Structures are given as structure tokens and as C-alpha cells.
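Please consult the sequence and the coordinates alongside the text.

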Amino acid sequence: MALNGSRDSARAPVVGLTMYREQVRTGVWDIPAAYLPADYFEGVALAGGVPVLLPPQPVAPDTVDALLDRLDALVITGGYDLDPACYGQQPHPTTDAPRTDRDAWEFALLRAALDRRLPVLGICRGAQILNVAFGGTLHQHLPEVLGHSGHRAGDGVFSRLPVRTVVGTRVAALLGESTDVPCYHHQAIDKVGDGLVVGAWDADGVVESVELPGDTFCLAVQWHPEKSLDDLRLFTALVDAARTRR
């Protein structure tokens with residue numbers, strides 16, 4: 001038993017990452033497929049974790065439990081807009097068509113992971129999922145709120161924006177007082193979910209990070225840390241939290 005325990009504590013943490021499910025064209029094929037940009041799972045691997053990809057699928061408690069039994073941490077990744085019906089709003093004309101299968105899958109994974117006290121990192125859409133799961137709402141189109149499109153330049157070009165962290169938060173302990181981050185989003189947190197704490201703001205007053213206070217690692221950022229893998233602090237913190245929990 002001691003030998004098995006030693007092997008378990010020594011192995012790299014297994015980190016699940018949620019995925020897109022979209023129509024994909026490749027060569028002669030034009031098919032529904034699950035995919036995830038490689039820099040997400042490269043960030044986990046570079047931080048010392050073993051990435052496992054989690055495609056959207058029908059939600060069943062047995063499925064979610066069986067999956068999370070095999071994971072040490074969860075990343076809820078970026079992607080298309082969350083269905084506004086999830087937070088009681090009608091869609092804005094610029095809001096993406098809903099991906100209700102992905103929404104349901106990620107909410108189920110998040111709730112079950114938090115019940116198990118698994119470490120969770122949310123990225124962009126992942127921050128919005130966390131906020132809405134706790135009763136928060138979103139700005140559906142930031143340019144109408146701010147008067148500019150500085151958070152999403154378009155054409156796949158990421159903006160580099162400064163954010164300032166809040167003293168005493170987990171993200172402040174990890175990143176310091178301020179940092180420049182890559183952003184690509186036209187939606188953001190409006191009303192903060194019950195029980196969540198804002199960890200960072202940008203110069204426009206947009207919420208850039210939220211977290212769940214307490215001992216469980218649950219942190220989400222509106223920006224895209226996978227786009228700057230020369231800075232692995234968030235991925236490393238997740239993997240370290242998974243290793244410590246185990």
C-alpha cells in the first residue's frame with residue numbers, strides 16, 4: 001500500500017480541459033468535431049501537468065463522476081458566448097448563437113469539481129461560466145458599455161492590456177500588483193456572482209479576474225494566459241494546487 005501511495009503522490013497531476021464542439025473543415029471533410037487550440041494544453045504540460053481533453057457530451061451524473069474520479073484539476077477554456085438565457089437575458093444582436101450542449105457540460109463539470117474541491121482555472125469564457133454559476137450576469141457587448149473595442153481588436157489579434165490586482169486575493173499573490181495580459185473578448189462580467197471575489201480590474205473598470213475565497217483553488221481570468229506561455233504562473237499554480245490536494 002505504501003508503494004502504491006508513493007506512486008500516486010509522485011505522478012504528474014491529470015488536468016482536464018474543456019473543448020469546443022463546432023463544424024470543422026479539414027481537407028475533404030466538413031464535419032462536427034471537438035477541438036481545442038494547442039496552447040491551452042501546452043500550458044498545462046509545460047507547468048508539469050498531464051492534459052486530458054474533455055469534449056462536450058450529454059450530461060449524466062454517472063458520466064461526470066466517473067470522469068472527475070480520474071482528474072486532479074479542471075480548466076474551463078475560452079470559446080463562444082454563453083447562452084444569455086443562463087443569466088436571464090435576451091441575446092444581444094452581437095451575441096453568438098448558443099452552444100447549449102457545451103454550456104450544460106461545463107456547468108455540470110464546474111459544480112461537481114467544486115463539490116469535490118478540485119482545483120479549477122477558468123479562462124475567458126471560463127470566467128464567465130464561473131460567474132454565472134454563482135448567480136452573476138454578463139455585459140453582452142463591451143463596446144456599447146465602454147465606447148471602444150480595445151478588448152477585442154478582431155481578426156484573431158489579441159490586445160495587450162494592463163490589469164491591476166486586488167490586495168489580498170489569490171491572483172495578486174500569484175501575479176503581483178499589476179501585469180500586462182493578452183485579451184480577446186467582447187463580453188465580460190457585469191454583476192459579480194454571490195460569494196465570488198474580484199481579483200483584478202483593468203483601466204476601464206472591467207472585471208478581469210474572479211475567485212472563490214477559501215482553501216480550494218478556484219480562480220478565473222477574463223484574459224488568455226495560454227497566449228503568453230513565457231509566463232506560466234497561473235498554469236503552474238493550478239498544477240501545484242492539484243499536487244498538494246492529492
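Is the crossing of H4 and H5 left-handed or right-handed? The model is predicted, and in it the crossing of these two helices is right-handed.

**Packing of H4 and H5**

- Helix H4 spans residues 100–115 and helix H5 spans residues 125–133; their axes come within 10 Å and cross at roughly 70 degrees.
- Angles of 65 to 115 degrees count as roughly perpendicular, and H4 and H5 are therefore roughly perpendicular to each other.
- On the H4 side, the residues that meet H5 are Arg-102, Asp-103, Glu-106, Phe-107 and Leu-110.
- Their counterparts in H5 are Arg-125, Ile-129, Leu-130, Val-132 and Ala-133.
- By class, this contact of H4 with H5 comprises 6 nonpolar and 4 charged residues, with no polar ones.

- H5 is mostly covered, with 8 of its 9 residues buried.
- The buried residues of H5 include Arg-125, Gln-128 and Asn-131, as well as Gly-126, Ala-127, Ile-129, Leu-130 and Val-132.
- Just after H5, Gly-135 adopts a positive phi of about 90 degrees.

**Nonpolar cores**

- In soluble globular proteins, nonpolar side chains tend to be buried together.
- The largest nonpolar core contains 33 residues, and Leu-68 and Leu-109 have the most contacts inside it.
- Two or more residues of this core come from each of helix H3 (61–68), strand S5 (73–76), H4, H5, strand S12 (207–211) and strand S13 (218–221).
- H4 supplies the largest share of this core, namely 8 residues.
- Leaving aside neighbours within four places in sequence, Leu-109 is in contact with Thr-18, Leu-54, Val-64, Leu-67, Leu-68 and Leu-74.
- Another core, of 31 residues, lies apart from the largest one; among its members are Val-15, Leu-36, Val-221 and Ala-242.

**Phe-217 in the loop between S12 and S13**

- Phe-217 lies in the loop between S12 and S13.
- Buried means under 20% relative accessible area, so Phe-217, with a relative accessible area of 5%, is buried.
- With neighbours within four places in sequence left aside, the contacts of Phe-217 are Leu-118, Pro-119, Val-120, Arg-170, Leu-174, Ala-237, Leu-238 and Ala-241.
- Phe-217 and Ala-241 are 24 residues apart in sequence, and their C-alpha atoms are 6.6 Å apart in space.

Methods
Residues numbered from 1 in each chain as written. Predicted model: local features only at pLDDT ≥ 70, side-chain atom pairs only at ≥ 80, totals over all residues. Heavy atoms only, no water. Axes fitted to C-alpha atoms, helices over the stretch in contact; angles between N-to-C directions. Helix = DSSP H or I, 4+ residues; strand = E, 2+ residues; numbered from the N terminus. Parallel < 35°, antiparallel > 145°, perpendicular 65-115°, else oblique. Left-handed = near helix turned anticlockwise from the far one by under 90°. Contact = heavy atoms within 4.5 Å. Nonpolar A, V, L, I, M, F, W, Y, C, P; charged D, E, K, R; others polar. Core = buried A, V, L, I, M, F, W, Y, C linked by side-chain atoms within 4.5 Å. Buried < 20%, exposed > 50% of the residue type's maximum accessible area, 1.4 Å probe, protein only.
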